[in-house]
Amino acid sequence: MGEKPLSANKPMSAPSPNSGELTSWDLLEDLPVAVYTCNKEGYITSYNKAAVKLWGKTPEPQIDKWYVNWEIFNPDGTPLLPDETPAGRVLKYGKPIKQQEILIKRPDGSISNILSNPKPRFNEKGELTGAANTLIDITEQKNAEAKQGMLASIIESSEDAIVSKDLNGIITSWNHAAQRLFGYTEDEIIGKHITILIPEDRYDEEEVIISKIRANERIEHFETIRKTKSGEEIQISLTISPIRNRANKVIGASKIIRDIGRQKKSEERLQQYAERLEILNSIGQVISAELDIQSILQKVTDATTQLCGAQFGAFFHNLVNEQGESYTLFTLSGAPREAFEKFGMPRNTAVFHPTFSGEGTVRVDDITKDPRYGKNAPHFGKPKGHLPVISYLAVPVRGKSGEVIGGLFFGHEQPARFTKEHEHLVLAVAAQAAVALDNAKLYENIKELNEKKDEFIGLASHELKTPVTSLKGYLQIIARNLSPDDKNKVLANRALEQVGKLTTLISDLLDVTKIQTGKLPFTYANFDVIKLINDLKEILQQTGPSHQLILNLPARELIIHADSQRIEQVIINLVTNAIKYSPKADKVIIEAVVTDNKLRVSVQDFGIGIQPDQLERIFSRFYRVENLASHMSGLGIGLYISQEIINRHQGRLWVESIYGAGSTFYFEIPINTNDRHDA
């Protein structure tokens, strides 16, 4: 019999409406697999809906060939001509082909993996009339396989351990990283319960984890402890996700396990480093604020004893006696001083020598087992009744010159109490202590020199006062006995002026000495400060005729309780300075106001002004403005004395200045100064 022809104009041959029967093509119409037929030239003769979807367009029978608009390739991507395709070979050779994979590419660029199953069709005479083909789209399957392969590769090559288990806690998969981390091979661990990896005291964690997984919850970055095959406990981080089947039902869990032991140790080291810096900074601030050697060493000893966890610590000062080997105990922490004093000072023994000679740090877990221990008479070791010392740490303290100035020693009755970290901490503090000690010694030297200088100034000014007073008296007698026309009278008066300046300088020097010794005298009384300023104007105007003194004062009297001579001394100093430091100006303004029961006096000049970096220093003893010192007379003590006077009146003295435009000096004192504060 010949082949039953199919319609060339319809995708399927429709059944008779009254037949009640379905043809074979009716059954294939809604099949999800693409089916088509073609004649022996390859032109499409029939097809179903799935074929249309696969082609991406509805073909035109007898016009479109079976591949319609595709480009066709082998699975490896090499192109195929139509005759080389499975369908082409069936039409060419008349033999069926099963399950051959090809790649198809549509005009829109989309690619699919296809399994082609073409079969030849013959007529009743056995002649080849065409072919029928089923095309199965396996793209999703291939993608899934690729994805599974990729995931498997990732899992096996992962640096993190990846493990899966069912809801009963039975391990179902195990990658190489898990083997490296825990020590179990895949054969040893698959089928075992997950608690084989969990310390007994953490079994409750597994119950919590399983309950969350059953509830379809994910657990991220859960840090905990697990144990290896050897029994070692390790720090890990867990990320756990539910595993679901095709029905989206949770059937198990996958775990990504990361070893965070190194990370934790690094974090601990960073934390220790930060704490160490904080401690060192804190100790540095404390000891750098001190200028007393005894106080510095005590604080250093206390701090380092606490830092290294010693039972007691001591600082021995490197002082050599006549025999060349005695060291004086300076400070002690953690034990009473008597605990050391009854044994005498430590000698330059084999144990102490490396520290006092500066050879380096000595840290021993058990000093009684050290070969240097017990080599010196008369004790040959620890004296009877001595504080118990097993752990021993000794650090030399060097000065700026590199010379060893002493040593820090620490002890503990238990062995191995001191670590490398303790050694580093003590060394760091010792370095800070050395700087502080150098500063303290320098301060003491400066203090001693200042005391000698003050003593000399006081003695010299006191000794100068008597001959200068006599000289002034002789000059006054000479000046009175000279006639007004005598040219020597002018010289005598000029000499008297210079002697007056010398007398003022000597008085200022005496005041400085009295300030240093706390003996500057003050006499408080009520007086009219407005009258005082007016009287001073008359005197100062004569001594400084180059400048007009302008007063801005209250019209009425103003009675204050203060030392009138000292307040006068301050005003004279400020006005004299204003005239001296404004040589190109012609006026000085003196103003007095009352604010909040306080008297405020200002002296304004229009002279050279003061540079900003010198404003605070001008009140220092013997300080003179740097760019003026060479051509302006004075010792630089007037403002220092004035500030002391105002301070003793519970007031304040300050300056405002614009460099090149002039300065204004202010002082402010209470109108009624309390005598009780004059100490």
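## Overall make-up

Helices (H or I, at least four residues) and strands (E, at least two) are DSSP runs, numbered from the N terminus. On that basis the chain has 16 helices and 23 strands. The model is a predicted one, in which local features need pLDDT of at least 70 and side-chain atom pairs count only at pLDDT 80 or more, while totals for chains, interfaces and linings use all residues. Residues are numbered from 1 along each chain as its sequence is written, and side-chain values use heavy atoms, with hydrogens and water left out.

Of the 679 residues of the chain, 41% count as buried, where buried means under 20% relative accessible area, exposed over 50% and partly exposed in between, with a 1.4 Å probe and protein chains only. If contacts (heavy atoms within 4.5 Å) are taken at a separation of 6 or more, 55% of those in the chain come from residues 24 or more positions apart.

## Helix α3 and its surroundings

Helix α3 spans residues 86-93, and its buried residues are P86, A87, G88, V90 and L91. Among the elements that cover these buried residues are the strands β1 (34-39), β4 (100-105), β5 (111-122) and β6 (128-137). After α3 comes G94, whose phi is positive, near 75 degrees.

Not counting residues up to four places away in sequence, S112 touches I102, L103, I104, R106, D137 and T139. Of these, I102 is 10 residues from S112 in sequence and 8.5 Å away in space, C-alpha to C-alpha, and R106 makes a polar contact of 3.0 Å, side chain to side chain, with S112. A polar contact is a pair of N or O atoms within 3.5 Å; within protein, one must be able to donate a hydrogen and the other to accept it, and residues adjacent in sequence count only if both atoms are side-chain atoms.

S164 is found in strand β7 (residues 161-166) and is buried, with a relative accessible area of 10%. Its side chain is joined by polar contacts to the side chain of T172, at 2.7 Å, and to that of S173, at 2.4 Å. Leaving aside neighbours within four places in sequence, the residues in contact with S164 are I170, I171, T172, S173, I243, A253 and S254.

## Helix α8 against helix α9

Helix α8 (residues 261-288) and helix α9 (residues 293-307) pack at an angle of about 165 degrees with their axes 10 Å apart; axes are lines fitted to C-alpha atoms, for helices over the stretch in contact, and angles run from 0 to 180 degrees between N-to-C directions. The two helices are therefore roughly antiparallel to each other, a term for angles over 145 degrees. On the α8 side the contact is made by I279, I283, V286 and I287, and on the α9 side by I296, K299, V300, A303 and L307. By class, this contact has eight nonpolar, no polar and one charged residues, with Ala, Val, Leu, Ile, Met, Phe, Trp, Tyr, Cys and Pro counted as nonpolar, Asp, Glu, Lys and Arg as charged, and the others, Gly among them, as polar.

## Helix α15 against helix α16

The axes of helix α15 (residues 564-580) and helix α16 (residues 638-648) come within 10 Å and cross at roughly 145 degrees. From α15 the contact includes R566, I567 and V570, and from α16 it includes L639, I641 and I645. The residues of this contact divide into seven nonpolar, five polar and one charged.

Key:
Parallel < 35°, antiparallel > 145°, perpendicular 65-115°, else oblique.
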